Structures are given as structure tokens and as C-alpha cells.
Amino acid sequence: QVQLVESGGGLVQAGGSLRLSCAASGSIFSINSMGWYRQAPGKQRELVAGFTSGGSTNYADSVKGRFTISRDNAKNTVYLQMNSLKPEDTAVYYCHGLVRTSWSRTNDYWGQGTQVTVSS
């Protein structure tokens, strides 16, 4: 079993910053990819930023230049630094990991979500 535990959400004024963290633990053989998604009320969950299996990063157009994803492989942790936050960034942010738990098994895992609220 693998757990993804997020932290760092909260309430911030427009223009402010927040840093989200997501730590993976459990029966981890290797981590293929990790990233952040978000879901606003009444909207579908969308990719915000992520690392691919090759180690490159990708970002949603709406956050490019404002958000930065980083990771600490030794800690199985991924971070999302969010700057110049806008009210439209308000959402529940979810950590996602594609985790190999054995030579033959790879599964998707999700964190419990952390609320980010940006006031205008």
C-alpha cells in the first residue's frame, strides 16, 4: 500500500504565494511520475503540473510562469510553489503518483486533497 500525504494549502490573498508538499510512503519500488491536479467546484479535475517518467516537467497553460514543481527523490516528495495566485486558482489540489510497487505492478495513487482558496 502507498500513501500520498499533502500539506500546505490554505487561504491567501490574490498575488500571494503558497507551497504545497506531497510525500509518498509505503511499499514503493519506484515512482514513475508525480504531479499535481486540481478540481474547482463544478469543474473537472485538471493537471496543474507534473513530472513525466523521463523527468521532464509539464504545466497547465494557466499556471505557466507562476507555479513551479520540484521534487526531492530521496524523500519521495514533490512540491508545488505557487506564486502570483489568482482567485481562479481556488480549488482542491490533489497529489498524484504513478507508483511501481513491484517488478510487475504499477498503480495510480491519489492524495486526500488540500484546499487552496485565493481571495480577491
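Student: Cysteine 22 and cysteine 95, are they buried or exposed?
Tutor: Both cysteine 22 and cysteine 95 are buried, where buried means under 20% relative accessible area, exposed over 50% and partly exposed in between, with a 1.4 Å probe and protein chains only. Keep in mind that this is a predicted model, in which local features need pLDDT of at least 70, side-chain atom pairs count only at pLDDT 80 or more, and totals for chains, interfaces and linings use all residues. Residues are numbered from 1 along each chain as its sequence is written, and side-chain values use heavy atoms, with hydrogens and water left out.

Student: What do cysteine 22 and cysteine 95 form?
Tutor: They form a disulfide, with their sulfur atoms 2.0 Å apart; the cut-off for a disulfide is a pair of cysteine sulfur atoms within 2.5 Å. A disulfide is a covalent bond between the sulfur atoms of two cysteines.

Student: And how many does a search of the whole structure find?
Tutor: One disulfide. Its cysteines come from distant parts of the chain, 73 residues apart: cysteine 22 is in strand E3 (residues 18-26) and cysteine 95 in strand E9 (residues 91-100). Strands (E, at least two residues) and helices (H or I, at least four) are DSSP runs, numbered from the N terminus.

Student: Which hand does the link have?
Tutor: The link of cysteine 22 and cysteine 95 is left-handed, with -80° about the S-S bond.

Student: New topic. What is the order of the strands in the open sheet?
Tutor: The order is E1-E3-E8-E7, four strands with antiparallel pairing. Two strands pair if DSSP finds at least two bridges between them.

Student: Which strands stand at the edges?
Tutor: Strand E1 (2-7) and strand E7 (67-72); each has a single partner strand, so one side of each is left without a neighbour in the sheet.

Student: How many bridges do E1 and E3 pair over?
Tutor: Six, in the antiparallel sense. Serine 7, for example, has serine 21 in E3 as its bridge partner.

Student: Where does asparagine 76 lie?
Tutor: In the loop between E7 and strand E8 (77-82). Asparagine 76 has a relative accessible area of 26%, so it is partly exposed.

Student: What does asparagine 76 touch?
Tutor: Not counting residues up to four places away in sequence, it touches Cys22, Ala23, Ala24, Ile28, Ile31 and Met34. Contact means heavy atoms within 4.5 Å.

Student: Last one: why does serine 33 count as buried?
Tutor: Because its relative accessibility is 15%. Serine 33 lies in strand E4 (residues 30-39).
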